[in-house]
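Welcome! Work through the exercises below with the structure open beside you, and try each task before you read its solution.

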Amino acid sequence: MRLVYIVIVFLLLASTGCSSIEKCIYLKPIGKNNNWIVQRNKHYRGYYDEITHYYFACDSLSSIRVSFTNRVRPILIGPLIIPIFPMFSFKTETFQISISIKTYNDTDLVTLSKDIHIKINDSLSFFPYKTILDNSQKKWNEESHKSICDNKSKTNNYLRILYRYKVNPNKINNITISFDQAINKRLSSNYKSLNLKRRNRLHYNAWFFPASYE
């Protein structure tokens with residue numbers, strides 16, 4: 001009787017849960033990391049999630065967090081444990097770069113944003129079709145920026161810049177984000193360039209419930 005019960009439970013789980021294998025485009029720092037810290041997204045669940053890693057730089061008066069979205073593409077999907085069906089997904093032409101700044105005193109986000117420069121595939125010809133500046137000091141900004149930097153920085157203002165590009169993420173090979181001397185002067189910091197090169201990784205998710213992603 002117990003065996004029958006176990007079989008029924010297993011069948012129910014197999015019919016409601018799914019498994020997947022997806023390709024994640026991990027952007028790996030190249031050369032000297034210039035004191036940038038790579039931190040895995042602890043809440044990454046695969047498949048519908050889009051952020052696998054965060055990139056932090058810290059000092060005593062400020063910190064910067066960089067993240068990239070729309071970089072995960074499912075390859076196989078299937079029942080519990082065994083993803084066996086090819087997943088045909090539409091190619092996305094949207095890539096997003098989020099830069100958030102924790103600062104002790106400077107909240108002039110418009111001026112700060114002018115001193116940040118992004119180069120994609122060693123070219124300056126990629127321009128965002130939309131840039132969003134957010135200095136609303138929302139609580140979720142504070143929560144999303146929690147990191148190892150919190151133990152190193154005396155900060156209380158949360159600023160965010162979101163760049164949206166019309167480019168297929170799978171066409172991106174490298175990214176460089178640099179900070180002018182002017183922004184370092186305003187933040188009383190010495191942030192170096194973040195140089196990243198694309199690496200493809202496969203992520204296996206043995207069991208998830210699609211409804212939990214809605």
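## Exercise 1: Aromatic pairs

The structure holds 5 aromatic pairs; rings of Phe, Tyr and Trp (its six-membered ring) pair if their centres lie within 6.5 Å, and planes under 30 degrees apart count as stacked, over 60 as edge-to-face and the rest as tilted. This is a predicted model, where local features need pLDDT of at least 70 and side-chain atom pairs count only at pLDDT 80 or more, while totals for chains, interfaces and linings use all residues. Residues are numbered from 1 along each chain as its sequence is written, and side-chain values use heavy atoms, with hydrogens and water left out.

**Task.** Describe the pair formed by tryptophan 36 and phenylalanine 179.

**Solution.** 
1. The two rings are stacked, at 6.0 Å centre to centre with 20° between the planes.
2. Now place them in the chain: tryptophan 36 is in the loop between strand E1 (18-29) and strand E2 (37-40), and phenylalanine 179 is in strand E11 (residues 174-179). Helices (H or I, at least four residues) and strands (E, at least two) are DSSP runs, numbered from the N terminus.
3. The pair thus links distant parts of the chain, 143 residues apart.
4. Tryptophan 36 has a relative accessible area of 4%, so it is buried (under 20% relative accessible area; exposed is over 50% and partly exposed in between, with a 1.4 Å probe and protein chains only).
5. Phenylalanine 179, at 9%, counts as buried too.

## Exercise 2: A second pair

**Task.** Find out how tyrosine 55 and phenylalanine 68 are arranged.

**Solution.** 
1. Tyrosine 55 belongs to strand E3 (residues 53-58) and phenylalanine 68 to strand E4, so the pair ties together parts 13 residues apart in sequence.
2. Tyrosine 55 is buried at 0% relative accessibility, and phenylalanine 68 is buried at 0% as well.

## Exercise 3: The strands around E3

**Task.** How is E3 joined to E4?

**Solution.** 
1. The two strands run antiparallel and are joined by 5 bridges; strands pair if DSSP finds at least two bridges between them.
2. A hairpin connects E3 to E4 through 3 residues.
3. On the E2 side, E2 and E3 pair in the antiparallel sense over 4 bridges, and valine 38 has tyrosine 55 as its bridge partner in E3.
4. E3 is largely enclosed by the rest of the structure, because 5 of its 6 residues are buried.
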